[in-house]
Amino acid sequence: AAVAAIEALVSLQNSSVPVGRGVQPAGSGWQGEPETALFRPYVVVFPFPGSPDGPVAEPATYLDYRAQATCVSASSEGAEAVTDLVKTAWVNAPLIVSGRSSYPGLVVVERPITRDDSISPAVHYSILQVSWRTQAT
């Protein structure tokens, strides 16, 4: 449930940027001949399982969820724009999980935009990890 909620936070905020779970989403990237065709930026979400953080008697009182978003574009500016969209969707927004209340999302890791020269043509990406603390209601 939390994974779907994490993906929905990105998808609902900006449906023009495709989101994939652990893989590049269909319809993203180069839309034809690389470097000459349009590049459709995208986000790959890597959700982490919930980590319990409660008393021994009820360890699931608090569950901390985390997700990583890898934001990819053909340019550094494009990767920055996609990262800003994910931040807008995740940071300071609660995670909607049935039976739980949520504190707003907090950035725990933010990597600078990097050029990936291991593929041709090169793309640019950034990595953002956000964490949400939830409590049973």
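Buried means under 20% relative accessible area, exposed means over 50%, and partly exposed lies in between, all computed with a 1.4 Å probe on protein chains only. By that scale Arg133 is partly exposed, with a relative accessible area of 28%.

The structure described here is a predicted model, in which local features need pLDDT of at least 70 and side-chain atom pairs count only at pLDDT 80 or more, while totals for chains, interfaces and linings use all residues. Residues are numbered from 1 along each chain as its sequence is written, and side-chain values use heavy atoms, with hydrogens and water left out.

**Salt bridges**

A salt bridge is a side-chain nitrogen of Lys or Arg within 4 Å of a carboxyl oxygen of Asp or Glu, and the structure holds four of them.

| Pair | Closest N to O |
|---|---|
| Arg133 and Asp64 | 2.8 Å |
| Arg115 and Asp117 | 2.6 Å |

Helices (H or I, at least four residues) and strands (E, at least two) are DSSP runs, numbered from the N terminus. Asp53, Asp64 and Arg133 are linked in a network of salt bridges. The pair of Glu110, in strand β8 (residues 106-110), and Lys87, in helix α2, also links distant parts of the chain, 23 residues apart. Glu110 counts as partly exposed at 43% relative accessibility, and Lys87 is partly exposed as well, with a relative accessible area of 25%, whereas Asp117 counts as exposed at 53%.

**Helix α2**

Helix α2 (residues 76-90) has 15 residues and spans 21 Å from its first C-alpha to its last, close to the 21 Å expected at 1.5 Å a residue, where the expected span is 1.5 Å times one less than the number of residues. Its buried residues are Gly78, Ala79, Val82, Thr83, Val86, Ala89 and Trp90. They cover an arc of only 135° around the axis, which puts them on the same side of α2; the arc is that of the directions from the helix axis to the C-beta atoms. On the other side of α2, Glu77 and Thr88 are exposed.

**Nonpolar cores**

A nonpolar core is a set of buried Ala, Val, Leu, Ile, Met, Phe, Trp, Tyr and Cys residues joined through side-chain atoms within 4.5 Å. The largest has 17 residues, and among those with the most contacts inside it are Val86, Trp90 and Trp132. Strand β6 (62-73) is one of the elements giving two or more residues to this core, and β6 gives the most, with five residues.
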